Amino acid sequence: MERTAIKKHTGFWYVVKSLLSGLSLTWKHFKNARNRRTPEYVTDENYFKQADGQVTLKYPYEAIPVPDNGRYRLHNEIDDCIVCDLCAKICPVNCITIESVKATEDIGMTSDGTKKRLYAPVFDIDMAKCCYCGLCTTVCPTDCLTMTPVYDFPEVDIKNMVYHFTDLTPEQAEEKKQLFAKQQEEMAAAKAAVLAARKKA
Amino acid sequence: MLAFLLTLGALLGVVIVLAYAERKVAAFMQDRVGPTEAGPQGSLQAVADVLKLLQKEDIVPAAADKSLFKLAPILIFAAVFAGFAVVPFAPNLIPAGIGIGVFYLLAIVSLDVVGLLMAGWGSNNKYAMLGAMRSVAQIVSYEIPAGLAILSVVMITQSLDFQEISYQQGALMNQFPGLEYEMNWLFGIEALGINTTTIGGITTWNIFRAPILLVSFVIYFIASLAESNRAPFDIPEAESELVAGFHVEYSGFRFAVLFLAEYSMMVLVCLVAVVLFLGSWNTPLPNIGPVALAYWTSGTVGEVSGILWGIFWLVSKTFILLFLQLQLRWTYPRLRVDQLMHLCWKVLTPVALAVVLIAGIWRLLMV
Ligand code: SF4
Ligand code: SF4
């Protein structure tokens with residue numbers, strides 16, 4: 001392929017002109033620095049009309065609003081949780097820890113009418129490990145695990161990044177375990193009694 | 001001794017203002033906000049930085065040439081600071097009024113180069129060495145156009161004394177001993193018949209007395225950017241290639257001194273530009289008939305009013321030039337080494353030589 005020379009602008013005045021235009025550009029920005037962008041949501045009329053001025057957001061003092069359906073920190077409405085363990089299973093980083101205890105009596109329904117059969121003495125989500133993929137919220141059968149628009153939750157101690165969602169105190173959890181163990185024992189005893197009766201007969 | 005302390009104090013104040021201004025100006029030109037946290041509008045940020053640097057450990061690399069390494073910052077700062085001794089701040093106010101001030105300044109500021117080389121060599125670090133070599137090559141080269149530009153001023157003013165050069169550029173000229181019967185003519189040409197001796201103001205600034213000095217002002221300003229290692233001539237300190245050049249190994253107090261020396265150098269070259277070309281401490285306002293603006297804004301020589309007006313005009317002109325330096329830094333990209341040398345040897349030096357010749361001819365027209 002034949003190459004043709006690229007015509008470059010040269011010459012003293014051309015250079016002076018381009019140097020001055022550079023200076024005028026920075027001067028324009030310097031002058032416009034009197035204005036500052038206002039922190040507004042993207043739907044705001046003003047959002048695309050602020051071409052000039054400083055763009056820095058003084059973050060802790062001001063923040064751009066996030067969408068109402070923003071998907072950041074997880075929240076579990078424990079009253080609606082049936083402790084099915086699906087969320088813990090799908091989590092790619094294994095940051096959900098669930099322990100379950102079978103209930104001995106009727107413990108009611110979730111708000112969408114599913115029957116609850118298990119207590120959750122432990123329901124921990126480690127927000128420091130979570131990658132906010134949202135998989136756990138899609139598998140949750142009762143929609144009790146959701147993501148909230150809260151994105152600013154730093155902690156000084158990383159242990160505080162583990163969120164405990166259980167509504168049972170350790171004592172209550174212990175009590176439920178005892179109850180369940182007792183029921184199991186009683187059932188085992190009843191079974192044994194029935195077996196023994198059958199053998200006799 | 002008093003002059004020493006006062007100058008040092010004033011210099012520290014100006015450098016702190018300048019360091020803060022640099023950050024704010026840079027931020028504004030890039031649509032950012034700059035420091036905001038320390039003090040109102042972040043104005044104490046520079047002070048906080050200095051305090052931080054003073055608390056830091058003074059690290060001397062094990063493989064460094066320790067005595068050179070330790071001595072270099074002091075030498076660099078001393079060289080720059082000594083330059084301030086001959087700068088007139090106001091009529092009758094000059095730390096050391098010696099008759100060959102211009103010559104002394106050129107000589108003492110060149111000492112800076114030795115300090116830079118000591119710092120680079122003593123660090124025993126390849127980046128520092130490269131930075132120092134570039135720096136020395138650049139400063140030594142650019143001293144030639146700068147020196148020639150200054151020479152043209154000296155030829156026009158026929159003096160090596162900064163104070164005499166200052167007096168010549170204003171309505172107070174005849175109050176300087178030895179200049180009682182001198183006259184200023186518009187553009188320095190008597191044949192035009194417009195006597196500006198008592199008009200003063202901007203009409204008697206050197207760039208107006210001999211308009212050719214406007215060219216040497218531009219040459220001097222470009223060369224002075226190179227001498228103070230400012231962008232676009234900051235290849236000795238190119239952060240992106242040399243991780244800051246000759247001072248890469250310095251920390252704590254020694255780094256603070258190097259930083260101070262660098263900003264002092266900026267202030268010094270701007271002061272010298274103002275003194276030589278832009279009317280020194282003289283007011284820019286001329287006397288227009290009965291409206292004696294020049295006298296009103298000059299005060300009385302030898303009294304407090306004269307000193308205050310002098311310092312005010314000198315400092316405000318200097319800050320305009322300093323702002324220009326900052327703006328240039330945040331506008332232009334860094335030059336390559338060959339472009340740098342091309343500009344110096346093939347453009348500025350020949351033009352400066354031509355200007356010296358024309359200045360000589362101009363001087364013949366002036367007498
Ligand atoms: S959002 Fe993803 S990473 Fe976080 S808990 Fe749910 S499944 Fe695990
Ligand atoms: S998937 Fe939903 S219901 Fe099941 S354990 Fe997790 S949060 Fe509870």
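In the predicted model, 13 residues surround ligand 2, the closest being A:C81, A:C84, A:D85, A:C87 and A:C140, where a residue is near a molecule or strand if one of its heavy atoms lies within 4 Å of it. By class, the shell around ligand 2 comprises 11 nonpolar, one polar and one charged residues; Ala, Val, Leu, Ile, Met, Phe, Trp, Tyr, Cys and Pro count as nonpolar, Asp, Glu, Lys and Arg as charged, and the others, Gly among them, as polar. The shell around ligand 1 is formed by A:L74, A:C91, A:P92, A:V93, A:C95, A:I96, A:C130, A:C131, A:Y132, A:C133, A:G134 and A:C136, and these residues divide into 11 nonpolar, one polar and no charged.

Because the model is predicted, local features need pLDDT of at least 70 and side-chain atom pairs count only at pLDDT 80 or more, whereas totals for chains, interfaces and linings use all residues. Residues are numbered from 1 along each chain as its sequence is written, chains are lettered from A and ligands numbered from 1 in the order in which they are written, and side-chain values use heavy atoms, with hydrogens and water left out.

A:K116 lies in the loop between β2 (96–102) and β3 (118–126) of chain A, helices (H or I, at least four residues) and strands (E, at least two) being DSSP runs numbered from the N terminus. With a relative accessible area of 15%, A:K116 is buried, a term that means under 20% relative accessible area, as against exposed over 50% and partly exposed in between (1.4 Å probe, protein chains only). The C-alpha atoms of A:K116 and A:I82 are separated by 5.3 Å, although the two residues are 34 residues apart along the chain. Leaving aside neighbours within four places in sequence, A:K116 is in contact (heavy atoms within 4.5 Å) with A:I78, A:D79, A:C81, A:I82, A:I107, A:G108, A:M109 and A:T110.

In chain B, the axes of helix α8 (residues 212–227) and helix α10 (residues 252–277) come within 10 Å and cross at roughly 170 degrees; axes are lines fitted to C-alpha atoms, for helices over the stretch in contact, and angles run from 0 to 180 degrees between N-to-C directions. The two helices, α8(B) and α10(B), are therefore roughly antiparallel to each other, a description applied to angles over 145 degrees, with those under 35 counted as roughly parallel, 65 to 115 as roughly perpendicular and the rest as oblique. From α8(B), B:L213, B:S216, B:F217, B:Y220, B:S224 and B:E227 meet B:M265, B:V269, B:V272, B:A273 and B:F277 of α10(B), and the residues of this contact divide into eight nonpolar, two polar and one charged. Elsewhere in chain B, B:T157 of helix α5 (residues 126–157) is buried at 2% relative accessibility and, not counting residues up to four places away in sequence, touches B:I165, B:Q168, B:N206 and B:R209.

Over all chains, 24 aromatic pairs are counted, a pair being formed by rings of Phe, Tyr and Trp (its six-membered ring) whose centres lie within 6.5 Å, with planes under 30 degrees apart classed as stacked, over 60 as edge-to-face and the rest as tilted. A:F153 and A:Y163 form an edge-to-face pair, 6.4 Å centre to centre with 90 degrees between the planes. A:F153 is buried at 13% relative accessibility, and A:Y163 is likewise buried, at 17%. B:F69 and B:Y250 form a stacked pair, 4.1 Å centre to centre with 0 degrees between the planes.
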